Amino acid sequence: MNRYTILVYTENFIGILNRITIIFTRRGININALTASESRLDGIHKITIEVTVTPEQIEHLVKQIEKVVDVIKAYYFMDDEVVYQEIALYKIPIASLDPSLEKVIRQFNAHIIAAEKEFVVLEFTGHKEDTQALLEILKPFDLLEFSRSGRVAIAKPRFSVQEFLNNQT
Amino acid sequence: MVRGADIVVKSLIAENSEYIFGYPGGAIMPVYDALYDYSDKIKHVLTRHEQGAIHAAQGYARVSGKVGVVLATSGPGATNLITGLADAQIDSTPLVCITGQVAAHLLGSDAFQETDVVGLSMPGTKWNIQVRRVEDIAPAIAKAFHIAKTGRPGPVLVDITKNAQIEFGEFNYVPCLNVRSYRPYQPINQDAVTAAAALIDTAERPYVLYGQGVVLAHAENELKAFLDKTGIPAACTLLGSGALPESHPNYVGKLGMHGNYAPNLLTNKCDVLIAVGMRFDDRVTGDLQRYAKQAKVIHLELDPSEIDKNVKCTVPILGDCKKSLSLLTEAVSQKSHETWLERFRELEGQEKEAVVSNDLHGTHGGLHMGEVIHLVNKFKEEDAILVTDVGQHQMIAWRYFDFKTTRTQVTSGGLGTMGFALPAALGAQLNDYKKQVICVVGDGGIQMTIQELGTIMQTKAPVKVVLLNNNYLGMVRQWQQLFFDKRYSFTELDNPDFIKIAEAYSFKARKVTEREDLEAAVAEMLVQEGPYFLEVVVEKEDNVFPMIATGCSVEEVRLS
Ligand SMILES: Cc1ncc(C[n+]2csc(CCOP(=O)(O)OP(=O)(O)O)c2C)c(N)n1
Ligand SMILES: [Mg+2]
């Protein structure tokens with residue numbers, strides 16, 4: 001099993017996300033994380049899916065995704081073929097703030113992005129392994145809440161959805 | 001300005017639809033009201049159940065090659081379509097289904113007969129859409145037809161809210177010719193054709209497997225030309241039957257769980273396997289780990305997602321097989337494979353002796369299903385259409401029916417939907433009243449959609465129904481006998497008097513229990529002008545052989 005990033009370029013069509021996710025559900029495959037956003041091209045959406053599957057499964061999944069009428073193009077990449085990030089937020093009670101925490105914040109280059117009477121919110125961006133490591137360290141500080149985004153990714157290999165669209169016959 | 005409901009009907013007419021199979025209800029009533037004014041331009045067939053409507057549309061689409069059109073109301077009307085959608089999806093049948101929906105402002109409120117049809121039908125459609133505004137109706141229907149019939153065909157569903165049906169808008173129908181995200185046809189890679197031709201030319205025991213893809217691509221002549229030139233033996237899948245006349249010298253039989261002996265067994269003896277428009281269904285391959293491992297595989301296929309899905313191929317040839325087959329025929333050399341073909345013939349002889357002769361020529365004991373089909377062959381017209389339900393009778397009819405021309409078989413292949421045959425036969429018959437349509441059905445399956453006898457009565461479609469009555473859910477009973485120690489758990493049926501039922505629906509009906517009456521009855525049925533219902537009481541515990549049991553390899557096909 002490998003960890004893959006699937007980039008799906010789609011029309012902005014109601015229900016498209018559902019059509020894509022049922023491909024995974026039907027095969028009993030868990031989606032690690034999913035992010036939907038605009039793409040560089042007007043009106044074209046980009047869905048980023050992180051999934052851990054076998055090489056045969058990823059081939060199969062991507063072909064099934066491309067079969068969806070409103071999907072323009074889907075690509076898949078190994079971790080070393082994409083630049084990717086995840087953002088994590090950590091809510092820490094004021095009472096836990098002490099010099100050892102300062103050390104952790106400096107060491108991770110994390111930011112305090114909100115301060116309230118009762119708590120502060122730390123923000124840290126990186127790979128899942130990094131945000132997870134910080135999570136483990138912060139747990140003893142009475143961490144109140146944790147939230148991590150899905151992967152956002154840019155592929156290193158060159159490909160062009162625009163070119164693909166231009167080649168329409 | 002016209003009402004949305006009129007736009008629906010005018011759009012269907014603009015797509016040259018001949019029939020609508022449907023059933024009315026609250027949320028689709030405006031469209032029904034509009035239909036009242038167009039009965040000279042488009043015919044509506046009122047079935048007795050929405051499942052009947054969609055199976056009838058499937059039967060119509062399968063024999064005509066056109067898009068079947070279905071109309072149903074919201075809620076239960078729409079949910080009754082689900083089986084047919086799943087069936088059409090897995091068997092690649094082009095359908096446009098239009099369902100009514102509650103008014104847009106009520107969506108999500110659990111209004112009367114509101115159900116999330118778009119969500120429910122998503123896995124069973126090639127594409128679907130909900131239309132909430134009158135101006136979106138015609139473009140949605142145009143796109144629906146384009147998607148249903150191009151590429152690998154399939155069912156699409158357009159859910160139209162009631163407000164959109166009653167609002168007024170302009171009617172200006174623009175057929176859809178292109179959807180930018182959708183590539184129905186792949187360009188054919190000439191290098192792949194060359195590579196495949198080289199494999200075929202050097203093969204000693206090449207073997208062609210063809211499926212429904214040949215029919216869908218209208219590539220019957222191209223397949224024949226390829227076989228004529230190369231001399232390669234060819235076997236068909238369940239839905240591929242008819243793509244090649246069975247009298248063709250290279251035709252060696254049928255594949256799969258209840259196919260023929262030689263075609264299954266020799267799959268593991270060929271050196272190059274050429275799969276044309278077929279998808280290596282598990283009912284064809286048996287255990288994949290032991291399927292054609294010795295062979296190099298060439299796969300001619302339109303749908304990229306089928307390549308390497310079940311069987312890894314050496315040379316994929318993506319694209320329309322009508323084109324790829326003719327390119328391949330040009331590229332290969334003329335050959336013959338007489339000794340290799342001879343091996344098929346030898347094994348065919350063994351199957352004849354062990355199974356076929358007894359199936360077709362019973363002498364004592366109860367009638368065999370095969371005897372009935374054998375007599376049907378004797379009296380049927382050359383281009384008669386066989387429609388079957390699901391079970392033992394389906395496999396027997398498929399095995400023994402004499403397929404002479406294309407699009408002469410309609411059956412539920414991928415989904416195996418009991419209850420499919422009767423409405424599908426109606427649809428097949430409506431496409432051409434003059435063709436002989438023979439509906440072979442079991443005593444279990446007919447009772448799943450028996451109400452469609454009423455639709456046959458009302459349309460006067462001259463369908464010939466052949467009920468093979470073994471008083472059992474026979475196929476399940478066969479498995480219970482072979483794999484569950486003969487524990488016949490809930491498979492025996494107390495059946496009604498089918499003849500009385502048929503007569504109540506104005507069918508000329510006859511019941512045969514004795515061997516000596518069978519021939520006259522079949523002959524009588526096949527000269528009858530109107531609908532006919534023939535019930536044949538057959539041996540209760542006959543089994544279908546050959547058989548590849550679940551989990552077994554094609555080599556383990558058994559004759560008894
Ligand atoms: C809707 C549906 N339910 C259940 C089945 C499972 N099934 C497959 S064949 C069969 C028995 C069919 O009995 P009958 O129609 O009498 O045909 P026979 O096998 O006896 O010829 C059953 C129950 C099915 N294929 N479809
Ligand atoms: Mg039966």
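Donors are N, O and S atoms within 2.8 Å of the metal, and water is not among the atoms, so a site may look incomplete. In this predicted model, the magnesium ion (ligand 2) has three residues of chain B as its protein donors: Asp443(B) through OD, Asn470(B) through OD1 and Tyr472(B) through O, lying 2.1 Å from the ion. Along the chain, the donors of this ion follow the spacing D-x26-N-x1-Y. Asn470(B) has a relative accessible area of 3% and is therefore buried, since the cut-off for burial is under 20%. Tyr472(B) also counts as buried, at 6% relative accessibility.

The confidence scores of the prediction are as follows. The model has an ipTM of 0.94 and a pTM of 0.97. For chain B the average pLDDT is 98, and 100% of the residues score at least 70.

Asn471(B) belongs to the loop between S18 and H20 of chain B. Although Asn471(B) is not a glycine, its phi is positive, at about 55°. Its relative accessible area is 24%, so Asn471(B) is partly exposed; the partly exposed class lies between the buried limit of 20% and the exposed limit of 50%. A positive phi, of about 60°, is also found at Lys460(B), again not a glycine. Lys460(B) is placed in the loop between H19 and strand S18 of chain B, the strand covering residues 464–469. With a relative accessibility of 63%, Lys460(B) counts as exposed, because the limit for that class is over 50%.

Helix H19 spans residues 453–459 and contains Thr455(B). The relative accessibility of Thr455(B) is 0%, and this residue therefore counts as buried. When residues up to four places away in sequence are left out, Thr455(B) touches Val45(B), Leu46(B), Thr47(B), Arg48(B) and Leu426(B). Val476(B) sits in helix H20, which runs over residues 474–483. Val476(B) has a relative accessible area of 44%, so this residue is partly exposed. Between Val476(B) and Ser489(B) there are 13 residues of separation in sequence and 9.4 Å in space, taken from C-alpha to C-alpha.

A cis peptide bond is present in chain B between Phe545(B) and Pro546(B), with omega at about -5°. Pro546(B) is located in the segment after strand S20, a strand of residues 532–537.

Chain A contains five helices and nine strands. Read from the N terminus, its elements come in the order β-α-β-β-α-β-β-α-β-β-α-β-β-α. Along the principal axes, the C-alpha atoms of chain A fill a box of roughly 65 × 35 × 30 Å. Chain A has 169 residues, of which 44% count as buried. In chain A, 76% of the contacts between residues at least 6 apart in sequence join residues at least 24 apart. The 19 positive and 23 negative charges of chain A have mean positions that are 4 Å apart.

Leu7(A) is placed in strand S1, residues 2–11. Leu7(A) has a relative accessible area of 0% and is therefore buried. Beyond residues up to four places away in sequence, Leu7(A) touches, among others, Lys46(A), Ile47(A), Thr48(A), Lys73(A), Ala74(A) and Tyr75(A). The contacts of Leu7(A) also include Phe77(A), Ala153(A), Ala155(A) and Phe159(A). Ile92(A) is 85 residues from Leu7(A) in sequence, and their C-alpha atoms are 34 Å apart in space.

Ile29(A) occupies the loop between helix H1 (16–26) and strand S2 (31–38) of chain A. With a relative accessible area of 12%, Ile29(A) is buried, because burial requires a value under 20%. Residues up to four places away in sequence aside, Ile29(A) touches Phe24(A), Val51(A), Val53(A), Gln57(A) and Leu61(A). A distance of 32 Å separates the C-alpha atoms of Ile29(A) and Leu122(A), which are 93 residues apart along the chain.

Technical notes: Residues are numbered from 1 along each chain as its sequence is written. Chains are lettered from A and ligands numbered from 1 in the order in which they are written. This is a predicted model: local features need pLDDT of at least 70, side-chain atom pairs count only at pLDDT 80 or more; totals for chains, interfaces and linings use all residues. Side-chain values use heavy atoms; hydrogens and water are left out. pLDDT is the predictor's confidence in each residue, from 0 to 100. Helices (H or I, at least four residues) and strands (E, at least two) are DSSP runs, numbered from the N terminus. Buried means under 20% relative accessible area, exposed over 50%, partly exposed in between (1.4 Å probe, protein chains only). Contact means heavy atoms within 4.5 Å. Lys and Arg count as positive and Asp and Glu as negative; His and the chain ends are not counted. The place of a charge is taken as NZ of Lys, CZ of Arg, CG of Asp or CD of Glu. Donors are N, O and S atoms within 2.8 Å of the metal (3.2 Å for Na, K and Ca); water is not among the atoms, so sites may look incomplete.
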